[in-house]
Amino acid sequence: MNTARLPHLFLLLPLAGCSGWQSALDPRGSTAEELHGLFWLFTITCTAVWGAVLLVLAAALWRRRHPAGISEAQQARSERRSGVAIGAAVAATVVIITGLTFASYLATRGIAEEHPEALTIRVRGYQWWWEVLYADSAPHRAFLTANELHLPVGRPVRLELATADVIHSFWVPNLAGKQDMIPGRENVLVFTPREPGTYRAQCAEFCGIQHAHMALRIVVEAPADFERWREAQIAEAAPPMTPEEEAGRQVMESKACGACHTVRGTAAAGTLGPDLTHVGGRQTIAAGMLPTTRGSLAAWIADPQTVKPGNNMPMVPLTAEELQAVSAYLARLR
Amino acid sequence: MTRPPEDRDLRDTALDTGQEPDALERRLARIWRTPPGLVNALSTVDHKIIGRRYIVTAFVFLALGGVLAMLMRLQLAQPESRFLSPDLYNQVFTIHGANMMFLFAVPVMEAMAIYFVPLLVGTRNIAFPRLGAFSYWVYLFGGSMLWIAFILQMGPDVGWFAYVPLAGPQYSSGKRADIWAQMITFTEISALAVAIEIVVTVLKQRAPGMSLDRIPLVVWAWLVMAFMIIMAMPAVVTASSMLILDRLVGTHFFNPAEGGDVLLWQHLFWFFGHPEVYIIFLPAVGMISTMLPAFVRRPIFGYLPLVMALLTMGLLSFGLWVHHMFTTGLPRLGESFFTASSMAIAVPAGVQIFCWLATIWLGRPAFRVPFLFILAFFFTFVLGGMTGVMVASVPLDTQVHDTYFVVAHFHYVLVGGAVFPLLGAIYYWFPKITGRMMSERIGRWVAGLLFLGFNFTFFPMHILGLQGMTRRIYAYPAEMGWGGMNLFVSLCSVAMAAGFLLFFIDIFRSARHGEPAGDNPWEASTLEWATSSPPPPYNFVRIPVVTSASPLWDEKGSLPVVSGLAVNRRELLITGMGNATPEVRETSPQNSIWPFFAAIATSVMLVASIFTPWAVVWGAIPLTITLIGWFWPRGTPEDDS
Amino acid sequence: MKHRIVADLSGLPLHGAGSSSQTWWGTLAFMLIEGIGFVLALAVYLYLASIAPQWPLGAPPPDPWPGTIIAALLLLSAIPNWLVGRWAEAQDLRKVRIGLVIMSVAGILPLIVRIWEFPALNVSWDSNAYGSILWILLGLHTAHILTDVMDTLVLTAVMFTRHGDNKRRYGDAQDNALYWYFVVLTWLPIYLCIYGVPRL
Amino acid sequence: MTAASAWRHLMPVAGILLGPGIWAVNMELGQILAYPECSGGFRFSTLATFLGAALALLGAFLSYRASGFRGGKGGPSAFVGSVCALLGSIFAFALLLQGGATLVLTGCER
Ligand code: HEA
Ligand code: HEA
Ligand code: CUA
Ligand SMILES: [Cu+2]
């Protein structure tokens, strides 16, 4: 660590600031906005109360006192006044608490509105990645993807949250509060993204060894862009363009890959791992660990346990050419 | 052991002839003492010896837990650090939390009670003292089991509340989660045992005249704590036992595929878990109420509302537990009821703060070290209480739940609300325990380092949580921008470690070379200061009589006492619940090795049952034998009636 | 600090009964702890029943005969139990000895019947959550009876030794009787849950 | 112990019996009633909560009366009565806050 940076650390504190792509202090969605307001109401009120307590404490410590002490009658009077002051403070507490509680109730109601026209997406948590299902009334237009969500700006979205194994929790602070994914329960998260951008979500419930690396990208875009993306996702996997990519496709189908992964349009039809039909087009792989490039794909496939120790993808032994081929193929799948 | 006939039923009045000035003291010392030697040390039932052991052991666990904290901070100081592997980090935070909550915080509060309740209420020993001996060994063995498992890399790694299905048979292999669950059983048995002792001592062994409105506030706090332990602990033992059964013999309590429920675990755990934190907090609050008068030189203002606040918080705390489950998808209306109760608890909390402020206002503060810790408490705990009120709001909690904001909240209330008052209490009562004062100078450094170190370490965590940093992550990407603040936090945590290190140094130094304290160095008003420092084995030469809530201030000249108790056996006084009118004399057990053996038998049975259910059956046999040995009458004078 | 004697308590008796006895309070404390444990187990039963699609889950309702016999045995045993309490209060050594032997038997009998009660539940502990909680409820109460029987046996043995004729032992016998009432009483809600709720 | 003396013993602790007791029952009701109340129909939870608050206040008042309307001076009975009066009031406050929840929320929110 560079010790020259030490003084600058103190600057970082205020600069740590209010913007961020995984920040509750930078609301870009309906729910997050409401909660942001509630947060500041509570923070300002509570800071004021805390400050008042400390002021009274300081006054109690350092107020001027009679060096010779006071008479019993004066003492009794002071005690009576203290009693009244305490009563007043309790009354003030009751009023403030009631106010904060009702603010909380109103916000609860505000974020719980139902939207029949919401876009419904099912997100299922796995140890340590996210399966995403865009449902559709026409079954051939439904599709699976992983670790990334695209949402049209301004339209309410309804996430149906499920889990395949342990408890996970879906949290995209810029857009909404979190909701747990619990085995045996069907939980729902509803919110409306208000501003386009790329946001980061992270699993917020301890789910095992790689809980730290279970993140999601959420891309909020214009409705037209969203539809374009959706059509592309519905389509089958892009065909290989070069002999190397063709060899890669065969690796996918013949080696263990196909036992766990699906690439629609090929023989690979496993469901134990993320759907790879359009993996090349995603921003990251391994649930937010690496940016999607041909090189990182190769690094991941060559040794997933070094990149993300303990995760559920085994190291599949491949020759160097097979590795190059399959990563070229997967990079092609946009 | 035969005794001369005139020894039968010898009363203390008989020794008052004035011929030998110390006859009574020497006689009592002989009857009540614990002789030297290993076997006698293992057989002692003197609450002061047991209490001392308990306190020291709890602080050892604090140090160990703090070392784990330092390891975590080292790992988190930089993004994607490779200092700790994910498996090791997950064990470290689990054991840090479980150790601090189960092996430090609750035991230390109980330990202080074991030592001080009999002295504060004016009796010779705690009720059921052998239970206390048993409790200590069970606690020691259970805590050791956890740490030995960790050293053997079999440490639990599922978080201090071990949510299922992660901790269940399907997703947690090996014995790690079972070690956690059985550690719960150990600590709950030992906590329940002490709770019973406290309840009976406070209700039935108070000095004559110590009516309900004259009981020291810390004793009230310990009484409420004891009742809370009795009502809350069964829930967590039920949960942990069901977990072991699910894992060991195939029951389905938490398996939704076979009619079980994942949330059942959370309900059971948090029904215990929330009262648990008030079990830790209320004694600390009591300590402040009892210490404050000595440092503002007047009685506490608002005795009645303070008692009410203790009772209200104790009861109300049993209805808050779902505030740990706000994001589980339960109906918001039901959850909001828990918001309401969690908000309402701020009222009695506020009452306490206001009464203390008034006490300081009306008094004349003396800025000695215990008082400095009380001031540190005000700053820190009230801040923690504010963030508590914030997370009590359902919608707000949906953003900050499971983030470092909550980590900040609970460290603020735990360290600010419990540890600071505890450290102040140690500085306050160390003279009574050892006969020597701790160092004012070092104490100021300790208080300063801990106060500043703590706030600089934990305040930024509020911001980190709001900026998206979730809990229980062994590493975070550099691109998140959390690195700078985490580094700052880790650096400041060194100040805390330094503060605690100085504290331990001061303890060791003062125990040997501290200034001799005398009976009442703080000129305090409660009964424990009426006897010598350290107290003799029998606590008081004669049981005192109490005529006010500040006995030593209101009876300046001499302490009223009663006579007539026997001195040929261990005897104390049983008094009534309301007014403490003397009812009967009662004997107090002699030293016995059986609690130690019973603790060994219990521990063997509990550890073995992690591996096979038959251990419960077979292990019950030696346990039964030791229990028979414990309760079989021995024909000692204490057995007379 | 100097002392001044303000009262002489030499006249106070040694060791009291009822609320003046520490072991009485200890017995109450144990009753409280175990009572809460039972209430929790019952709460878990009702909770699981409330979320289940049907109840009982995947098994016929338990056969009520062994449980009912035990209920009858326990209720009947309250009579000798009450007598032992009275005799202990009167400090009648011979009668207390007989009474405790009877109570030991009265405690062992339900345990024997219980051997038939577990299979009569018609479900195994590892079949599903319903089976699990049923076995726990029954197991808890069995442990309850078992520990109290052990207690009673030891107390009976002590009564036949030289330590028997002692105010403390009579107090222990009274506490033991009090606790047995608790064992009997706790069976009732458990019985209703196990055998009544499935038939609702 | 006669009925009258039993009553006399219970009065000072009315606050701590009624307040927490009603509040505990109401907590359970709040969890259970959310489901049926979502589908419309009479809001039993509102009735129960406000009625409960009134009863808790009654308990607090009874305790206060038993204490002789004194601060707490006058023996353990007065002390207990005053403590329970304050305690019962706080539970009544918690019940009122819960009642507020039933007024703002419908039971359907998840
Ligand atoms: C000593 C322990 C202690 C104490 C005293 C408290 C006190 C409080 N706690 Fe905290 N809490 C914990 C220990 C403690 N807590 C722990 C360990 C956890 C996390 C467990 C885990 O997940 O690992 C936790 C978690 C926790 C949560 C769950 C958060 C989450 O996981 O999402 C909540 C939510 O309601 C909560 C609320 C409160 C409240 C309302 C109080 C109140 O009692 C605070 C009341 C005090 C004050 C309010 C200050 C004084 C009052 C005044 C000055 C009067 C005026 C005040 C106002 C007008 C507001 N706590
Ligand atoms: C009483 C309770 C208590 C106390 C005092 C502390 C004290 C500290 N805690 Fe901890 N903490 C918890 C209870 C507590 N904690 C709980 C319950 C959790 C949740 C666990 C979970 O998620 O499951 C938690 C989690 C937790 C986390 C979150 C981990 C994660 O989510 O990934 C962090 C992170 O920084 C942390 C840090 C610290 C630090 C820096 C201290 C410092 O205050 C420590 C101070 C340092 C010392 C005490 C060391 C001094 C000792 C020596 C110098 C030894 C040498 C001396 C001799 C040998 C004589 N704690
Ligand atoms: Cu999934 Cu944490
Ligand atoms: Cu809580």
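Donors here are N, O and S atoms within 2.8 Å of the metal (3.2 Å for Na, K and Ca), and water is not among the atoms, so sites may look incomplete. The model is predicted: local features need pLDDT of at least 70 and side-chain atom pairs pLDDT 80 or more, while totals for chains, interfaces and linings use all residues. Residues are numbered from 1 along each chain as its sequence is written, chains are lettered from A and ligands numbered from 1 in the order in which they are written, and side-chain values use heavy atoms, without hydrogens and water.

I placed His409(B) in helix H14 of chain B; helices (H or I, at least four residues) are DSSP runs numbered from the N terminus.

I then looked up what lies beside the iron: the copper ion (ligand 4) is 4.7 Å from the iron atom of ligand 1. I noted three protein donors for the copper ion, His274(B) (ND1), His323(B) (NE2) and His324(B) (NE2), at 1.8 to 2.1 Å. Their spacing in sequence is H-x48-H-H. His274(B) belongs to helix H8 (residues 262-296) of chain B, whereas His324(B), 50 residues apart from it, is in the loop between helix H9 (303-316) and helix H10 (332-344). I recorded His274(B) as buried, with a relative accessible area of 4%; buried means under 20% (1.4 Å probe, protein chains only).

I turned to ligand 2 and its polar contacts, which are pairs of N or O atoms within 3.5 Å. A polar side-chain atom of Arg472(B) is 2.6 Å from an oxygen atom of the ligand. For Trp160(B), I found a polar backbone atom 2.9 Å from an oxygen atom of ligand 2. The side chain of Arg471(B) has an N or O atom 3.2 Å from a ligand 2 oxygen atom.

Which residues come nearest to ligand 2? Among the 28 around it (a heavy atom within 4 Å), they are Arg73(B), Tyr89(B), His96(B), His411(B) and Arg472(B).

The core has 382 residues, of which Phe170(A) and Trp222(B) touch the most other members. Helix H4 (residues 86-121) of chain B gives the most to this core, 24 residues. I noted another core apart from it, of 23 residues, including Ile285(A) and Trp300(A).

Terms used. Core = buried A, V, L, I, M, F, W, Y, C linked by side-chain atoms within 4.5 Å. Buried < 20%, exposed > 50% of the residue type's maximum accessible area, 1.4 Å probe, protein only. Helix = DSSP H or I, 4+ residues; strand = E, 2+ residues; numbered from the N terminus. Polar contact = N/O pair within 3.5 Å; in protein donor to acceptor, adjacent residues only side chain to side chain.
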